[in-house]
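Here's a quick walk through one model, going from helix packing to the ligand site and then out to a few single residues. Have the structure open while you read.

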Amino acid sequence: MPIRWRLTLWFALILCGILGLSGTILYLLVQRDLTNQIDDNLSLYSAQVHGTLNPSSLPPINEFASPGVYIQLIDRDGNVVVKSDNLGEQELPVNPSLIARGFAGSVDIQTVSAGHDAKLRVMVSLLYLQDQTLLLEVAQSTSYIDSTLIQIRWGIVVSVLVALSLTTILGGGVVRRALLPVRRITQTAESIETSPDLSQRVGYRGPMDEIGHLAATFDDMIERLDRAFKSQQEFVADASHELRTPLTVIRGNLDLLKRNLSEADRKESLRALESETARMVKIVNDLLLLAEVDSGPLLEPEPVKLKEILEEESARIRPLAGTRKIIIGRQENLVTRGNPQQLKRLVGNLLDNAVKYTSEDNDITLSLFREDGWACLKVSDTGIGIAPQHLPHIFDRFYRVNQIRSRIRGGVGLGLALVREIAGRHGGRVTVTSEPGKGSTFTVRLRI
Ligand code: ADP
């Protein structure tokens, strides 16, 4: 059964329950109150009859009888001694237990059936006349109570039925409207499932209640999926493109080598083959590392001494740095938890770039210190710098400010992407400040 009908049904049932219960309570209260009114009346009449009692003569009961109020006196054998005129030919109905209780001395009241649907409320009390003990019966018809109670019963039934139909119609409509966005979410999800078109959105406009949040979250999720899907496609296209260039060079040179080349040309071709193969190896290795870093949270992180990594990497870069000065700035003994190979790669890539994008005689400064509870690793250089419009993109995969310059220096555009992914995977982040012509500073913050 759809949730709309289930909710509506529950509402209707609960409302009927509440109405039924309060109706029953009202019914019982009215019934008790009206019966009490009759009982008070009967006591009053009974007291009046007793008040006029004269031991020598029968009480003038017709003075107290009124329409609907009947009075009668009976003796121990059940014979009527006297009765009010309004009883006519009839006598008050006999209820043996009530009469027995009355003759036993108790003043008692009971509802007694008077044939058909009629009922009488009868009060009995003992009355002594000369040497006789008589039973005074004062009775009043309960017909007006019964008709009031029947009206209340009908009122309850009708209001329950009206409430039931109104909640079903109106409540159903309200629930349907409230659940409309959920239907739209389902439809959008279904159409995304059947076609790979991730551009569809629920486009919810309305109050930001639970369902509004659900619709907005769903749209955000599809937006992120869409972006991830597109960047995945771009990434595959970029990667294929990057691999195709060295492959073309390799194929061309292999063709050349099949011919009769001079020794110098042959060496040149082999050199080209070597460098393009090395380039492909670098691309493939970087892609593999990216895939590994992308694959999820770190498995078995271990304590990593960042200072040791800095020392090892600066020692590796020194022979490649030529006349550039590698300056070791502040260096604190800081330990993070993570994957030492990946962290080495992070520092190595930043240092490689610092060398690649500075000219000889420039300075490269390395520092490691604690700041605001993070381990801060800074690599700054006094090289060519990066123009502001490129800064937001340099951490993107395959993004290069200057294709040719990067290629000449052996870059494939994955170095900073790896730095960002590795930092992110270690719960940290990387930022950059740079000024064209003056140099750049990359800061990596890692947890300690
Ligand atoms: P590449 O393989 O081209 O070096 P990276 O991802 O390492 O790729 O860097 C992306 C781009 O950012 C580079 O092409 C370069 O233009 C710029 N870049 C990176 N580091 C520096 C730096 N220290 N100084 C100036 N430019 C830099």
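Helix α2 covers residues 96-103, and its buried residues are Leu98, Ile99, Gly102 and Phe103. Buried here means under 20% relative accessible area, exposed means over 50%, and partly exposed is anything in between (1.4 Å probe, protein chains only). Look down the axis of α2 and the buried residues fall within an arc of 130°, so they line one face of the helix; that arc is taken from the directions from the helix axis to the C-beta atoms. The cover over these residues includes β1 (69-74), β3 (108-113), β4 (119-129) and β5 (132-141). Contact means heavy atoms within 4.5 Å. Helices (H or I, at least four residues) and strands (E, at least two) are DSSP runs, numbered from the N terminus. Just past α2, Gly105 has a positive phi of about 110°.

A word on the ground rules: this is a predicted model, where local features need pLDDT of at least 70, side-chain atom pairs count only at pLDDT 80 or more, and totals for chains, interfaces and linings use all residues. Residues are numbered from 1 along each chain as its sequence is written, and side-chain values use heavy atoms, with hydrogens and water left out.

Now for α10 (residues 415-425), where Leu416, Ala417, Leu418, Val419, Ile422, Ala423 and Arg425 are buried. What do these buried residues of α10 pack against? Their partners are α6 (263-294), α8 (340-356), β11 (429-435) and β12 (439-447). After α10 comes Gly427, again with a positive phi, near 70°.

On to the ligand. It is surrounded by 20 residues, and the closest are Asn353, Tyr357, Ser406, Gly413 and Leu416; a residue counts as near if one of its heavy atoms lies within 4 Å. Leu416 also turns up among the buried residues of α10.

| Residue | Polar atom from | Distance to a ligand oxygen atom |
|---|---|---|
| Asn353 | side chain | 2.8 Å |
| Tyr357 | side chain | 2.7 Å |
| Gly413 | backbone | 2.8 Å |

The protein covers 97% of the 530 Å² of accessible area that the ligand has on its own, by the Shrake-Rupley method with a 1.4 Å probe; for residues, only the protein chains shown count as cover.

Next, Thr336. This residue lies in strand β8 (residues 335-338) and is buried, at 2% relative accessible area. A polar atom of the Thr336 side chain is 2.5 Å from the backbone oxygen of Arg447. Leaving out residues up to four places away in sequence, Thr336 touches Glu302, Pro303, Val304, Leu306, Leu343, Leu446 and Arg447.

Gly203 sits in the loop between α4 (180-194) and α5 (210-258), and is partly exposed at 40%. His116, in the loop between β3 and β4, is exposed at 82%. From His116 to Ala228 it's 85 Å, C-alpha to C-alpha, and 112 residues in sequence.

Last, the cysteines: Cys16 is buried at 14%, and Cys376 is buried at 1%. How many disulfides (a pair of cysteine sulfur atoms within 2.5 Å) does a search of the whole structure find? It finds zero.

Definitions and conventions. Disulfide = S-S within 2.5 Å. Polar contact = N/O pair within 3.5 Å; in protein donor to acceptor, adjacent residues only side chain to side chain.
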